[in-house]
Amino acid sequence: MAMRECSVREGRPLLLLVASLVFVDSLGYGLVVPVLPGYAQDLGISDLGIGFLFASYAIAGLLGAVPLGWLSDRVGRKPFVLFGMFAMSAAFVFYALAEGYAMLVLARFLDGLTAAATWSAGLALLGDAYTGEVMGEKMGYAMGGAALGAIAGPLVGGLLYGLAGYRAPFLAVAALCALVGLAATRLEEDRGQAEGGGGMARTVLPMLRNRRLMLACTVTMVTTMGFGVIEPTLPVHLDRRFGLSPPAIGLLFGALTAAYALANPLAGRLSDRWGRRSPILAGLAVSAVLAPALSIASSVPVLCLLMTGMGVAVAFFSTPALPLITEALPRRAGEPSDYGAAYGLFNIAWSAGYVLGPLVGGAVYGAAGLPHAYLLYGVLLCVLAVAVALRL
């Protein structure tokens, strides 16, 4: 699919490809989490070593997101899509064959680097291909694919690990990456779209002064901060208050993620029709109420309902932020875009939220309890809503 404005019918193969890219990346990320720590402990790796092992993914993403996105603006998206899939396949082979710490760190770092390439170039492809009239819906489908991958990852990893041992889930993802990479070889680009532009600093520094783009990145960071606050703290609370088993806790989180996945296209479509501002404000307002309520829910059914609502609300304020990024960088038809670098900044915001969320949420949870941690996140959502209302 050429990098140009296209109709919905023309864009279906491209949309399917981008959704597949982020699905596979999220599948691999979710698969690693339940499988790798136990194997690392079996190898005699310390808790500190395991912490650095997992952090190396984020380090690679933070280092690579903007440079890889910027390069995709200069030489085309296809090389970075192919690198993302085939190098990710290699990373998962390294996971499978690793018998020492150095190989595991290499695999994890390469995994994070490929994610940066895949997300930056993949979302930029959608920015190149679609107009603002349908951009929200298309981004919603892509993010829905990512959410489905996040659901499937732990399930597939646990199942294959139980049936065939440690190597099986990693080799399965490696094969899937290679298949998607082969499909991506059929991607066609108008190379003229990818030529031109200045140096990376000359490109990126004006973006940091672009209020609309920075607002979109802030919404993204607050989105992942919320996940980063909830994911490590709520399971402990559910175990202590309701005595829920890990599978039951997994089902509750599955309800949140499934609701988020299903609501993404709807949130994007509504933002195409009504504008980005209204869905974002509605999602922030509802989330600001639901987040503190999670910590004081009186029963498991009520908690399930709240988590489902939270998934929908988060989709409503996070998905419309993605087309804001391309809309913040208008360009004329036939001119090269800087969407790769812009979505590199999106990736940095995404990773930063996942770093800050557990740190801040865990600190407040330990000092003042879960309700205060979730109330603080609700206040942050309210502050962001005010900023959106004034700026957007």
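D111 is buried, with a relative accessible area of 1%. Buried here means under 20% relative accessible area, exposed means over 50%, and partly exposed lies in between (1.4 Å probe, protein chains only). The accessible areas come from the Shrake-Rupley method with a 1.4 Å probe, and for residues only the protein chains shown count as cover. The model is predicted: local features need pLDDT of at least 70, side-chain atom pairs count only at pLDDT 80 or more, and totals for chains, interfaces and linings use all residues. Residues are numbered from 1 along each chain as its sequence is written, and side-chain values use heavy atoms, with hydrogens and water left out.

D111 has a charged partner. R108 forms a salt bridge with D111, and their closest N and O atoms are 3.7 Å apart. A salt bridge is a side-chain nitrogen of Lys or Arg within 4 Å of a carboxyl oxygen of Asp or Glu. Side chains of opposite charge can pair when their charged atoms come close. R108 is buried too, with a relative accessible area of 1%. Both R108 and D111 lie in helix α4, three residues apart, which is about one turn of the helix. Helices (H or I, at least four residues) and strands (E, at least two) are DSSP runs, numbered from the N terminus.

The structure holds nine salt bridges. One of them joins D128 and R77, with the closest N and O atoms 2.8 Å apart. D128 lies in helix α4 and R77 in the loop between α2 and α3 (78-97), so the pair ties together parts that are 51 residues apart in sequence. Both D128 and R77 are buried.

A further salt bridge is formed by R212 and E327, whose closest N and O atoms are 3.8 Å apart. This pair links distant parts of the chain. R212 belongs to helix α8 (residues 211-242) and E327 to helix α12 (residues 321-327), 115 residues apart. Salt bridges that share partners join R212, D272, R276 and E327 into one network. R212 is partly exposed, with a relative accessible area of 33%. E327 counts as partly exposed as well, at 30%.

Helix packing comes next. Two packed helices are described by the angle between their axes and the distance between the axes. The axes of α2 and α4 come within 7 Å and cross at roughly 35 degrees. Axes are lines fitted to C-alpha atoms, for helices over the stretch in contact, and angles run from 0 to 180 degrees between N-to-C directions. By class, the contact of α2 with α4 has 17 nonpolar, eight polar and two charged residues. Ala, Val, Leu, Ile, Met, Phe, Trp, Tyr, Cys and Pro count as nonpolar, Asp, Glu, Lys and Arg as charged, and the others, Gly among them, as polar.

α2 and α4 also meet the surface. F52, I59, L63, Y101 and F109 make a nonpolar surface patch of about 450 Å². Patches are made of residues with over 30% relative accessible area and no salt bridge; like charges are joined within 9 Å, nonpolar side chains (Val, Leu, Ile, Met, Phe, Trp, Tyr) within 5 Å. α2 (47-75) and α4 (101-129) each supply at least two residues of the patch. The largest share, three residues, comes from α2. F109 is found in helix α4 and counts as partly exposed, at 33% relative accessibility.
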